[in-house]
Amino acid sequence: SDLDGTLLDHDTYSFEAALPALSILREHGAALILASSKTAAEIDTLRTELKFEHCPAIVENGAGVLEPGQTASELGDGTYQDIRAILNEVPERLSQNFEGFGDCTASRVSSLTGLSLSGAERAKSRGFSEPGLWTGSQDEKREFLDWLAAKGLTARQGGRFLTMSFGTTKADQLFKIASRFAPAPILALGDAPNDIEMLEAANYAVIVKNEHGSGITELKQETTKSVVRTDDEGPAGWNSAVIATIERLGLDTFAK
């Protein structure tokens, strides 16, 4: 499951509305794999709060995996400094509309995201990717991304931020992790374009309503019952979709 705008409320980052479904999943031993642009430091804390610390988590849009029981410090520094070095080389006329987390103080990240100051510090503790705010035109954005692509960087548009990495996606990691739980099928939930590959790779998918972002265009699988859209936003939509899927398919389907 994606986090921001999906399992977590867009404005408050609360998952309270999803507590009934989360309780059902825990009670019956289903695995919840968090898959987010958030850092290992952020997900390490959240995974514990959700009581799914025994499950692996996909961090920084698929650029890394936090294993069960593994801490953020054990995951290491990854490729972040290499990404920042490339971004620092971008000509000013192309980079002037992109503000990365590495360009910001923790206070600035807090104001951009609505996170607490300590939460913003965890969001800045990156190992594999660089999110940022794009404020230019679509034509300027294409030129900016083309320049980065020539250097080996790819970009994923989330519900709020544009995130740079060396290309590993949530879907790439999903395939690797899913083999651990085979033959149980995969239910994927997301709300933004950077979730599309993950949604398409799963057996069942839920597009969670999010009025704050660019949303997800119609997927080819939507002609079947394997892809549904929620009426409610964020964790409320997540909760109802998970419970509806369990009622339709049976909880044992997803229990390891």
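## Salt bridges, surface charge and backbone

The side chains of E211 and K209 meet in a salt bridge, with N and O 3.5 Å apart (a side-chain nitrogen of Lys or Arg within 4 Å of a carboxyl oxygen of Asp or Glu). This is a predicted model, in which local features need pLDDT of at least 70 and side-chain atom pairs count only at pLDDT 80 or more, while totals for chains, interfaces and linings use all residues. Residues are numbered from 1 along each chain as its sequence is written, and side-chain values use heavy atoms, with hydrogens and water left out.

**Confidence**
- The mean pLDDT of the protein is 91, and 97% of its residues reach 70 or more; pLDDT is the predictor's confidence in each residue, from 0 to 100.
- Helices (H or I, at least four residues) and strands (E, at least two) are DSSP runs, numbered from the N terminus.

**The E211 and K209 pair**
- E211 counts as exposed because its relative accessibility is 55%, whereas K209, at 32%, counts as partly exposed.
- The classes are buried for under 20% relative accessible area, exposed for over 50%, and partly exposed in between, with a 1.4 Å probe and protein chains only.

**Salt bridges across the sequence**
- By the salt-bridge rule the count comes to 14.
- E89 forms a salt bridge with K151, and their closest N and O atoms are 4.0 Å apart.
- E89 lies in the loop between α4 (80-87) and α5 (92-95) and K151 in the loop between α8 (138-150) and β5 (154-157), so this pair ties together parts that are 62 residues apart in sequence.
- Both partners are partly exposed: E89 has a relative accessible area of 47% and K151 one of 42%.
- In the salt bridge between E143 and R93, the closest N and O atoms are 2.9 Å apart.
- Because E143 is in helix α8 and R93 in helix α5, their pair ties together parts that are 50 residues apart in sequence.
- E143 is partly exposed, with a relative accessible area of 36%, while R93 counts as exposed at 54%.

- I86 and L148 are 62 residues apart in sequence, yet their C-alpha atoms are 7.7 Å apart in space.
- I86 is placed in helix α4 and counts as buried, at 11% relative accessibility.

**Negative surface patch**
- D11, D231, D232 and E233 form a negative surface patch.
- For such a patch, like charges are joined within 9 Å, using residues with over 30% relative accessible area and no salt bridge.
- E233 lies in strand β9 (residues 227-233) and is partly exposed, at 33% relative accessibility.

**Backbone features**
- The peptide bond joining A182 and P183 is cis, with omega about 10 degrees.
- P183 sits in the loop between α9 (170-178) and β7 (187-190).
- Y13 is not a glycine but has a positive phi of about 65 degrees.
- Y13 belongs to the segment before α1 (19-27) and is buried, with a relative accessible area of 14%.
- N61, also not a glycine, has a positive phi of about 60 degrees.
- N61 is found in the loop between β1 (57-59) and β2 (64-66), and it is buried, with a relative accessible area of 6%.

Terms used: Patches are made of residues with over 30% relative accessible area and no salt bridge: like charges are joined within 9 Å, nonpolar side chains (Val, Leu, Ile, Met, Phe, Trp, Tyr) within 5 Å. Accessible areas come from the Shrake-Rupley method with a 1.4 Å probe; for residues, only the protein chains shown count as cover. Lys and Arg count as positive and Asp and Glu as negative; His and the chain ends are not counted. The place of a charge is taken as NZ of Lys, CZ of Arg, CG of Asp or CD of Glu.
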